[in-house]
Amino acid sequence: MQELSEQTTIRIQKKERLESMGINPYPASVRPINAKAATILADYKEEDKANYSHVVMAGRIMGRRIMGGASFIELQDASGRIQLYVQRDSICPGEDKSHYNTFFKKLLDIGDIIEIQGFVFTTQVGAIAVHVTHLQLLTKALTPLPIVKEVSTNEGAKIYDAFTDPAQRYRQRYVDLIVNPAVRKVFEQRAKLIHTMKDSLHRKGYLEVETPILQPIYGGASARPFVTHHHTLDMPLYLRISNELYLKRLIIGGYEGVYEFAKDFRNEGMSRFHNPEFTQVELYVAYKDYTWMMDYVEELLETVALALHGSTTVPFGTDLIHFQRPWKRFTMFEAIHHFTGYDVRNMDETALRTVAHQLAIDIGDNFAKGKIIDEIFGAKCEPYLIQPTIITDYPVEMSPLAKRHRSNPALTERFEVICAGKEICNAFSELNDPIDQQKRLEEQRKLGERGDEEAMVVDHDFLKALRYGMPPTVGIGIGIDRLTMIMTNVPSIQDVLFFPQMRPENP
């Protein structure tokens, strides 16, 4: 065990003292809670005081001012904070005042969780508070909280002991949620975002499904997987990088609209936009194409913005992001020409390498034509697309699962939504020609042999399913984490994940 701090040692001694007094520091019984801090502060009026004559609350002590026979506590529950007024004679109506003088004043600490009963009133300075008539300890906290202190100086207010170090916040998210209430708001908004999207999908009649996370063949995206081993079957398994190929199997099976909010895993670099474990929703709709999906994703994200902000304009950093339809649209080649001045539509691999070097873009020797185009777009176009922009018609080399463009077989019917300089959606009219699909997966296999660790593998079971016939279908994947970053105005993906992946702390 790590060596205990002096403050923790003192709190353990207080716990033992409570037990010696016959007070259980961790009782099981809790009275039914009938009031929340935020509701009281929002709704209480003096003329309605009879309705607040017996409130039962529970929460964590976040501050206390101990005086003689009367004290104040700041109580925090899941809804917010409220002031409690604790008077000695109110919680100790008899001659024995030890419950106030010893238990309350000496053995309770900031961070402890308590249950109180009392009535609501307005203090002399006009603040709403709860006059406590009964107080019970529910949980004795043994580790002190990092309580923020604001000290006035000649230069203004100075903040001390703020829990703001990002690595510490991500590793100890439970502390972060206690002492930084705004953090809870981000995750509540994330939940509302997902609920809004599910509600839209449900109203359209699409079926929410679940597909395997452990897969014998990883597919549906270009990424390096995490690999594990199943001992009973004596075979490798992969954490899914996408659920696309399983959802398409369901379309083949007869469903006309399926979606899944999926945890996916990609063994790639980490940054403020990347975490190895991430959430996306994938949706597949039969008898639709990518032009229909462009309109629907505009509608969907506009609806999300309105649900979270009451407006289609969302602040993100120094920018205002406008989600109101319609959005600007470029083909990929138009975007590259617009931002670089180069027309790369008919260039071969050698010419593309020359352009990349002239643009000072580092590309690997094993990069094929599609990968080079992707690198040029990612370096010279994507960062400058701040407003939601639909980029369409990607080269076939970049899109092994997308249907060829109906008017240009060198392109595919694919689009991405770029917003705040990053991709948040990827969609295409799905390739349903099993012969063409097999050829393109074989081409991906050859890229893997050239050293491309993110090349797709050949999934023979999926090809078998495709030969039974898949109707014309459109699919989309929307990154929930990145979308939440934008919708909640936070700069890092770690800020929208409760428990982001971190390097282990030194022991």
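Strands, cavities and a pocket

Within strand E20, isoleucine 478 is the bridge partner of cysteine 425. The model is a predicted one, in which local features need pLDDT of at least 70 and side-chain atom pairs count only at pLDDT 80 or more, while totals for chains, interfaces and linings use all residues. Residues are numbered from 1 along each chain as its sequence is written, and side-chain values use heavy atoms, with hydrogens and water left out.

The pairing of E19 with E20 is antiparallel and extends over 5 bridges; strands here are DSSP runs of E with at least two residues, helices are runs of H or I with at least four, both numbered from the N terminus, and two strands pair if DSSP finds at least two bridges between them. On E18 (residues 414-419), phenylalanine 415 has alanine 427 of E19 as its bridge partner, and E18 and E19 (residues 422-429) run antiparallel, joined by 6 bridges. The hairpin of these strands has 2 residues between them, and alanine 420 takes a positive phi near 55° there.

A cavity is, on a 1 Å grid over the protein atoms alone, a set of points where a 1.4 Å probe fits but cannot get out, and lining residues have an atom within 4 Å of a point. The largest cavity holds about 50 Å³, where a volume is the space filled by probe spheres set on points joined across faces, edges and corners. Strand E13 (277-286), helix H9 (290-309) and strand E20 (473-479) each supply at least two lining residues, and H9 gives the largest share, 4 residues. By class, this lining has 9 nonpolar, no polar and no charged residues, with Ala, Val, Leu, Ile, Met, Phe, Trp, Tyr, Cys and Pro counted as nonpolar, Asp, Glu, Lys and Arg as charged, and the others, Gly among them, as polar.

The whole structure has 4 cavities of 30 Å³ or more.

A pocket, by contrast, is an open set with protein on both sides within 12 Å along at least five of seven lines. The second largest pocket has about 280 Å³ of space, and of its 16 lining residues Phe333, Arg345, Asn346, Asn408 and Leu411 are the closest to its centre. Helix H10 (residues 332-340) contributes the most to this lining, with 3 residues.
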